[in-house]
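Let's take a walk through a protein structure together. Have a look at the picture first, and then we'll go through what it shows.

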Amino acid sequence: MITYEPEDAPEILRKLGYEIKRGYVLQDGETVRCNCCGRAIRPSILGNILPGSRILYCDNPVCFAEYVHIRFNY
Amino acid sequence: MSGTFWDKIKKLGLEASLLKGVAYEKVVGEEYITKQKQTIKGKGDVIVYQPVVNIIALEGTPEVLERAAILFGADAGFVRKDLLLPEHAMASPRKEARRLIREFRAFIPPDDYRALIAAEAVCNLEDRGMSKPARALHISLERKYGERGGRIYNLYRSGFIQDFFILKLRYTRYESPNDINAARLFGAFWNDQLEFFERAVWTNEMMTPDRVVEETKQRFSGRGVRRVNVYARGREGIAKIREAVDALLENDPNFRKMEESYPIAKTPCLCIILEKMTPRRRSR
């Protein structure tokens, strides 16, 4: 995992091919949502971009428990 | 550091000097134990064994972020810096805790299971004296899962998951013809208990002593409940439940009272255990 500061989020997202339009993160024209709670992702509430995939989580760390549950076979 | 992620990083030709790891001490999980000599007043030099974990994460320096797209292709993920500790706490539960929690996996709703994962992480941080990140994660747990999440934390913190619920689950599985049936039975039991848990009252700043009395009496009024634990955290909370229990016992002396004091992340806590006694019959 690579850590980033909140202000770096827009740059990282753009580098990974996401678009930021009217404050929201888009991919292929569609609003990207937290894979757990469904919140529409804005750079300010981005928490995680998962390794090797296009799954994003918001900044509620408990949403990451979904990933822990499934990916880590917890 | 080893593993396929690091092999890929090296193959990408990133200079080692750019790869600054994010390290924490006295954190969750136990990758290795350090030995430190400390001088303790009255005891002299002692060896202190302390678990130390380096969280396997790279700091996103400008040079590293420049190569974000390449790193992403190498299976690197990105995590906002302030979330690294709580997320690592969830991904690295204590061994025994993980073993126990996994038993519930197929028997409670997925959201409750994830709340349990988060509850263990909160408790782990608390038990290591990391009260601020523990509190922050606790708030996040309740923000996501509401009162139900808060109850799951309380049940876990107070040991009911580890004693009462696990025994019930194991017994249900033992008695059931198959796990599908056990899941149905235990699931119903779990939901009932989460709606109203008659064995304990967890107090908070907003509860008055009268409300504590009311909640405690309500629990004793049902289905042969003979023992109720009343929990408080912090000096004010402790004073409140003592006042409430004293008021309860003044009106009804047929209780035995025991107290257990303990700290959670340096905050004093109290559990008052109330047991209903059968009134003595007068002999003729």
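**Where chains A and B meet**

Between chain A and chain B there are 12 residue pairs in polar contact, with both residues at pLDDT 80 or more. A polar contact is a pair of N or O atoms within 3.5 Å; within protein, one must be able to donate a hydrogen and the other to accept it, and residues adjacent in sequence count only if both atoms are side-chain atoms. A quick word on the ground rules: this is a predicted model, where local features need pLDDT of at least 70, side-chain atom pairs count only at pLDDT 80 or more, and totals for chains, interfaces and linings use all residues. Residues are numbered from 1 along each chain as its sequence is written, chains are lettered from A and ligands numbered from 1 in the order in which they are written, and side-chain values use heavy atoms, with hydrogens and water left out.

Which parts of chain A touch chain B? The elements that give two or more residues to that side are β1 (2-4), α1 (9-15), β5 (46-49) and α2 (64-71) of chain A. (Helices are DSSP runs of H or I with at least four residues, strands are runs of E with at least two, and both are numbered from the N terminus.) The largest share, six residues, comes from α2(A).

In total, 38 residues of chain A are in contact (heavy atoms within 4.5 Å) with 44 residues of chain B. There are also three salt bridges between the two chains, a salt bridge being a side-chain nitrogen of Lys or Arg within 4 Å of a carboxyl oxygen of Asp or Glu. One of them links A:Glu5 to B:Lys81, whose closest N and O atoms are 3.9 Å apart.

Now look at the strand β1(A). It pairs with β3 (residues 78-80) of chain B in the parallel sense, over three bridges; strands pair if DSSP finds at least two bridges between them. Here A:Tyr4 stands opposite B:Arg80 in β3(B).

Back to α2(A). Six of its eight residues are buried, so this helix is largely enclosed by the rest of the structure. Buried means under 20% relative accessible area, using a 1.4 Å probe and protein chains only. The buried ones are A:Phe64, A:Ala65, A:Glu66, A:Tyr67, A:Val68 and A:His69. What covers them? The cover includes β5 and β6 (56-58) of chain A, together with α4 (84-91) and α6 (110-127) of chain B. After α2(A) comes A:Asn73, whose phi is positive, near 50°.

Conventions: Buried < 20%, exposed > 50% of the residue type's maximum accessible area, 1.4 Å probe, protein only.
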